Each structure stands twice: as structure tokens, then as C-alpha cells.
Amino acid sequence: MQCDECKQKPATVHLTEMYNGQKSEMHLCPSCAAKKGALMFDPNQFNIPNLLGGFLGGNQALQGAGLANPTTQATCQNCGVRFMDIRNTGKLGCPNCYQAFEDELESALKRIHGNSQHTGKIPLRSGEKTRIKRQVEDLKEQLQSAILAEDYEKAAEIRDALKEIEKKLD
Amino acid sequence: MGIDSLLYSTHVGWMDSSAGPETDVAISSRVRLARNLDAVPFPHLLNEQTGKKVIDLVKQACSQSEYEPLRSLQGVTFDQLSELDRQILMEKHLISPQHAHFNDSYRGLLVNEDGSRSIMINEEDHLRIQGLLPGFDLEKCNDAVQMLDDELEKVLTYAFDGYRGYLTACPTNVGTGMRASVMLHLPGMAMTAQTNRIFHNIGQLGMTVRGLYGEGTEILGNFYQLSNQVTLGLSEEEICHNLTLVTRQIIEQERRVRDSLQKGMAYQLQDRIGRAYGLLSHAGIISSNEALTLLSDLRLGVDLGLITHIQATAINELIVAIRPAHLQKRAGQEMDAFQRDIKRAEVIKDILFRK
């Protein structure tokens with residue numbers, strides 16, 4: 001792949017930007033990237049953890065302006081990792097970190113994926129509760145549209161089904 | 001047994017061009033799932049002791065499974081393998097470049113006979129379940145890994161959250177934990193300078209393009225690895241489906257370009273392919289980059305029917321057999337770059353003209 005700027009040297013710096021779910025990419029050679037100011041530091045430091053750190057709010061410019069997030073001191077009770085560590089390494093410490101840093105991760109996940117909620121597979125054995133919850137959500141949506149369509153007969157049916165399923169959750 | 005043959009042979013399942021669809025453009029397809037065990041720290045925080053527990057749990061889940069494809073996986077830990085052997089597995093796409101760096105007893109690989117199913121243990125996540133097949137066959141890869149996943153989950157309790165999905169060490173994998181990819185050979189589009197434009201737009205679809213060995217590797221020999229980037233908010237089927245749609249379009253475009261090249265520039269094309277063939281069959285010293293470029297031309301000749309006595313499978317095999325670790329394994333000794341260039345020229349002739 002050639003550099004988008006000089007169209008000569010091979011592109012080794014790949015920038016992906018996500019804004020309002022819209023993604024744009026730029027492929028640059030190190031010298032053009034440096035010129036563009038895309039790298040505020042040495043190209044050798046330009047790696048995934050640093051990029052992720054940016055996603056997680058680890059923006060040096062922000063910190064310099066005194067806008068550093070006070071939650072950086074927060075710690076995961078299960079593994080002892082601090083949010084600051086996650087910013088530096090780009091990796092969470094353990095599965096529980098997702099709970100411990102839920103708020104901090106929410107916006108980062110939206111920026112990375114354009115979404116923050118899982119809609120895919122649910123484990124067969126241990127995912128029973130999640131499966132029911134998802135059914136409940138689906139039924140609630142159906143109920144809403146039945147009411148909007150003034151189809152009260154159908155709405156009543158869905159409401160009964162909802163009650164039945166919600167019993168299973170308790 | 002399985003591991004030994006994977007280390008000594010240059011051939012693995014995904015290279016078999018006769019066994020997959022659309023192999024004139026698509027080399028191989030792969031799907032991998034990232035999975036972690038509930039409440040256990042991610043691998044980068046594990047010590048020998050806890051790491052060992054993870055590997056034991058996974059091995060046990062496999063050996064006690066009633067599902068034959070899971071039970072028959074052969075295991076190896078990285079303290080049992082030399083660095084060269086780990087490089088060999090990496091060059092065959094069975095472990096990642098990152099994983100190959102480690103020699104810990106709590107990191108390892110479970111893999112079947114032909115390398116089509118494998119599980120990396122304690123890479124970035126506790127488990128990375130992989131399906132790797134020849135040609136363009138994401139659906140089959142996905143079916144294979146989902147079956148392994150379901151069987152493992154009967155015994156292992158995964159880190160899963162109803163809202164975030166499968167929890168992974170890196171937030172770029174959370175949700176489905178799924179990375180699907182297709183290795184494409186696009187000499188026609190590269191010759192006509194169309195690849196940049198297309199790959200530019202692919203980013204907007206939540207996908208990305210990389211070189212032969214994934215993240216951070218350059219594109220060589222017109223081999224491009226196309227994969228999804230978004231893992232959260234889409235279902236596994238949607239991820240595969242989206243990648244399939246885009247891949248199909250690229251494959252069709254590549255075929256159109258090849259067709260028009262063959263019509264409009266037949267002499268130039270024949271000349272180029274003939275030169276590649278000549279150099280590959282007579283060179284005495286050849287670098288890896290030069291070899292890949294020429295192999296790409298030769299492969300195009302085979303796919304267009306201009307060269308009939310060489311099999312596409314042999315060229316797939318060569319993409320791997322000319323890598324540094326494979327050359328040294330074959331020679332049975334460590335070699336510097338110059339020695340490798342000599343050995344490479346020899347291996348190319350061996351494999352191309354193997355009876």
C-alpha cells in the first residue's frame with residue numbers, strides 16, 4: 001500500500017477515525033505522517049496501546065490542559081489494575097474490569113465499534129438469563145409497535161407473553 | 001504426532017487449492033473467536049501458576065469432550081518448542097507473531113492434523129479458537145469455530161456479560177470476540193492501481209486490510225488480508241455476511257481486471273509471467289521480497305491457464321516455505337540472510353518441479 005500523501009513510499013502508519021459511527025482511514029508513510037502532525041510523538045511509539053490510550057481518554061493535550069479525568073485513580077477490585085494502567089497498556093486486567101470501569105469504557109467502545117452493546121451470540125449453558133432478558137427486550141419493542149398501530153388485541157397477547165417470561169427471571 | 005507433522009511438512013490444509021471455492025483469487029479464509037475464563041486475570045497479568053491452571057482447564061475440556069474434532073486436538077506448550085519451531089507455526093498462520101515470542105510453559109497451542117482447527121492458549125486472551133480453510137469459505141470456518149466454542153462452553157465458564165458480550169483483554173475485540181478474514185491475491189487490481197482506492201473505502205464499512213501476517217505487516221506479493229474490525233454490536237452472522245459481500249465484490253472485480261488485461265495486454269502479460277517463471281526456475285540467490293513478487297506473477301499465470309504444469313497448491317506452499325524459519329528448518333541449521341537467499345532459490349526449484 002502506498003502513502004496517501006506522497007504516493008511514493010509504502011504506507012506504514014494507518015489511521016482510523018470513528019466519528020458518529022462514520023469511519024475514515026488514512027494510510028501514510030512515517031515521514032508524511034510526521035509532517036501531517038498525526039504523530040505528536042516519535043513514530044516508534046505509535047503502536048496499538050498508545051492509540052487505544054487515546055480512545056480511553058489518555059490524550060496528552062487534554063491532560064496538559066488540566067482536563068485529565070479524575071477517575072484515572074479508580075481500581076478494579078478483582079485484579080488491582082487501575083484505569084491509568086489500562087490507558088497505558090491498552091489492555092484490561094480481567095473480565096471484571098468491564099464492570100469496574102463501565103462508564104469510562106462506554107464512550108471508548110462507541111468510538112471503537114460505533115456501538116456499545118453486544119447483539120451476537122449468547123453462551124448456551126451460562127447465558128440463560130441473558131437470553132431471557134433479550135427476549136423481554138424484543139417483546140417490549142413489539143408491544144410498543146402494537147400499541148402504536150392500535151392493535152390492542154395483539155398488544156394484550158404480547159403483554160401476557162411478557163409476564164410469563166418475566167416470571168422466569170425471578 | 002499432529003504437531004510434529006505440522007512442524008516438518010511445508011504443507012498444511014489451507015494451502016490445498018483444490019479443496020476450496022474461489023481459489024483463483026482467495027487463498028484462504030479464517031475465523032477466530034476470543035474467549036476468556038470468568039474472573040481470571042487476562043494472560044498479560046498471569047503468572048506461571050495461574051496460567052498453568054488455565055491451560056490445564058482447557059486441555060481437560062478438550063480431552064473429555066464427546067465432540068471428536070475437539071477431543072482429537074493435539075496440544076503443545078511453548079516451553080517444549082524452540083524459537084524456530086514457534087516461528088514455523090507462525091509462518092503457517094497457526095499462531096500469531098506476538099504469541100510466537102513467548103517460551104512460557106503456560107502458553108501453547110492445540111491443533112488438529114491439518115491445521116484447520118486450532119486453539120491458541122494464553123495469547124492476548126485465554127483462548128483464541130481458530131478455523132482456517134482453503135479458498136473463500138467464511139461460513140464453513142464460522143461453523144467450525146462455533147461448534148468448538150459450544151462444546152468448550154459445556155465445561156468452561158466464559159467471561160460473558162449480557163450487555164458487553166464476550167469480554168476480552170483488549171476492548172477492540174469485545175462483544176463477539178470474532179475476527180473473520182480472507183487472504184486475497186489481487187495482482188490484477190494491483191497492476192492497474194485499483195487496490196488503494198478500494199481499501200480506502202473498506203474502512204468505512206468497519207473492515208480493514210493488512211499484509212500476509214496480519215497486524216503491522218506489509219503487503220507483499222499482492223497478498224491482502226481483509227478482515228472485520230468491528231466486533232461489538234453486530235452478530236457473528238452479520239460480521240461474516242458483511243465480509244462475504246465485500247469480498248465477493250473484490251473477487252469479481254479482480255476477475256474482470258484479469259480478463260481485460262488478458263484481452264488488451266496479452267503480450268505484456270505473457271512476457272511478465274514468463275519472466276517470473278524464468279527467474280524462479282533459474283535464480284541461484286533470491287530475496288524473500290523478490291520471490292514473493294515473482295510467485296505472485298507465476299500464480300497469476302497458473303490462474304489464467306497460461307502455465308499448466310504447476311499447481312496453485314505448490315505456490316501456496318512456497319509462500320510459506322520461503323520464509324526464514326521454514327528455510328532454516330529444512331536446512332537443519334541457522335542461516336544468515338545470504339545463506340537463506342541461496343537456500344530459498346533451491347527450495348523454490350524443489351517445490352515447483354517436485355514430481
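About 40 Å³ of space lies in the second largest cavity, a cavity being a set of points, on a 1 Å grid over the protein atoms alone, where a 1.4 Å probe fits but cannot get out; volumes are the space filled by probe spheres set on the points, which are joined across faces, edges and corners. This is a predicted model in which local features need pLDDT of at least 70 and side-chain atom pairs count only at pLDDT 80 or more, whereas totals for chains, interfaces and linings use all residues. Residues are numbered from 1 along each chain as its sequence is written, chains are lettered from A and ligands numbered from 1 in the order in which they are written, and side-chain values use heavy atoms, with hydrogens and water left out.

**Cavities**

- The second largest cavity is lined by Trp14(B), Ile27(B), His93(B), Met183(B), Leu212(B), Phe223(B) and Ile319(B), where lining residues have an atom within 4 Å of a point.
- By class, that lining has six nonpolar residues, one polar and no charged, with Ala, Val, Leu, Ile, Met, Phe, Trp, Tyr, Cys and Pro counted as nonpolar, Asp, Glu, Lys and Arg as charged, and the others, Gly among them, as polar.
- Among the residues that line the largest cavity are Trp14(B), Arg30(B), His93(B), Met183(B) and Gln225(B), and its lining comprises four nonpolar, five polar and one charged residues.
- Strand 1 (26–35) and strand 8 (178–185) of chain B each supply at least two residues of the largest cavity's lining, helices (H or I, at least four residues) and strands (E, at least two) being DSSP runs numbered from the N terminus.

**Nonpolar cores**

- The largest nonpolar core has 110 residues, and those with the most contacts inside it include Leu109(B), Leu184(B) and Ile250(B); such a core is a set of buried Ala, Val, Leu, Ile, Met, Phe, Trp, Tyr and Cys residues joined through side-chain atoms within 4.5 Å, and buried means under 20% relative accessible area (1.4 Å probe, protein chains only).
- Helix 9 (residues 236–264) of chain B provides the largest share of this core, eight residues.
- Domain 1 (3–258) and domain 2 (265–352) of chain B both give residues to the core, so it lies between them.
- Beyond its neighbours within four places in sequence, Ile250(B) is in contact with residues including Leu184(B), Met189(B), Phe199(B) and Leu226(B), contact meaning heavy atoms within 4.5 Å.

- Chain B is divided into domain 1 (3–258) and domain 2 (265–352), with bounds that come from an automatic or database domain assignment.
- The C-alpha centres of these two domains of chain B lie 26 Å apart, and their contact takes 28 residues from domain 1 and 25 residues from domain 2.
- The second largest pocket holds about 440 Å³ of space, a pocket being an open set with protein on both sides within 12 Å along at least five of seven lines.
- Of the 19 residues that line this pocket, Met1(A), Ala190(B), Thr195(B), Asn222(B) and Tyr224(B) are the closest to its centre.

Definitions and conventions: Buried means under 20% relative accessible area, exposed over 50%, partly exposed in between (1.4 Å probe, protein chains only).
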